[in-house]
Amino acid sequence: MSLSLTMLFFFLLVSTVSVTSSGEWCVANDKATDAQLQATIDWCCSDSGGFRDCTPIQPGGVCYDPNTLRDHASFVMNLYYQNLGHTKEQCDFSGTGKVVHTDPSHGPCVYVSY
């Protein structure tokens with residue numbers, strides 16, 4: 001095998017390996033009900049919740065798919081958490097949030113971590 005093919009193979013192998021970046025993200029926990037998740041989305045996207053930019057979870061937005069309440073709530077919960085201090089309280093959402101250390105981003109949908 002030539003050196004250039006070996007280098008190409010190595011590059012492809014390295015580029016497909018998943019890299020877990022250090023950081024913290026806030027996402028919905030598994031115990032949260034659909035009603036709680038919808039209430040969280042409504043609050044986070046309102047003036048009371050600081051009106052996070054919720055366009056990414058709207059139809060056609062980069063985080064619309066998968067179109068689930070859990071995914072949409074996780075996205076806006078993380079925006080709130082990232083922008084308001086990274087404290088456990090900022091990810092509580094009446095007991096429906098949890099802090100994770102694995103990036104929940106998927107495809108074009110990027111969950112920020114500051």
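Modeller: Let's start with the aromatic pairs, of which the structure holds three. This is a predicted model, where local features need pLDDT of at least 70, side-chain atom pairs count only at pLDDT 80 or more, and totals for chains, interfaces and linings use all residues. Residues are numbered from 1 along each chain as its sequence is written, and side-chain values use heavy atoms, leaving out hydrogens and water.

Biologist: Why is the pair of Y80 and F93 called edge-to-face?

Modeller: Rings of Phe, Tyr and Trp (its six-membered ring) pair if their centres lie within 6.5 Å; planes under 30 degrees apart are stacked, over 60 edge-to-face, and the rest tilted. Y80 and F93 are 5.4 Å apart centre to centre, with 65° between the planes, so the pair is edge-to-face.

Biologist: What does the pair tie together?

Modeller: Y80 lies in helix α3 (residues 69-83) and F93 in the loop between α3 and β2 (97-100), so parts 13 residues apart in sequence are tied together. Helices (H or I, at least four residues) and strands (E, at least two) are DSSP runs, numbered from the N terminus.

Biologist: Is Y80 buried or exposed, and how do you know?

Modeller: Buried means under 20% relative accessible area, exposed over 50%, and partly exposed in between (1.4 Å probe, protein chains only). Y80 has 13%, so Y80 is buried. F93 also counts as buried, at 13% relative accessibility.

Biologist: Which residues do ring pairs link into a cluster?

Modeller: W43, Y80 and F93.
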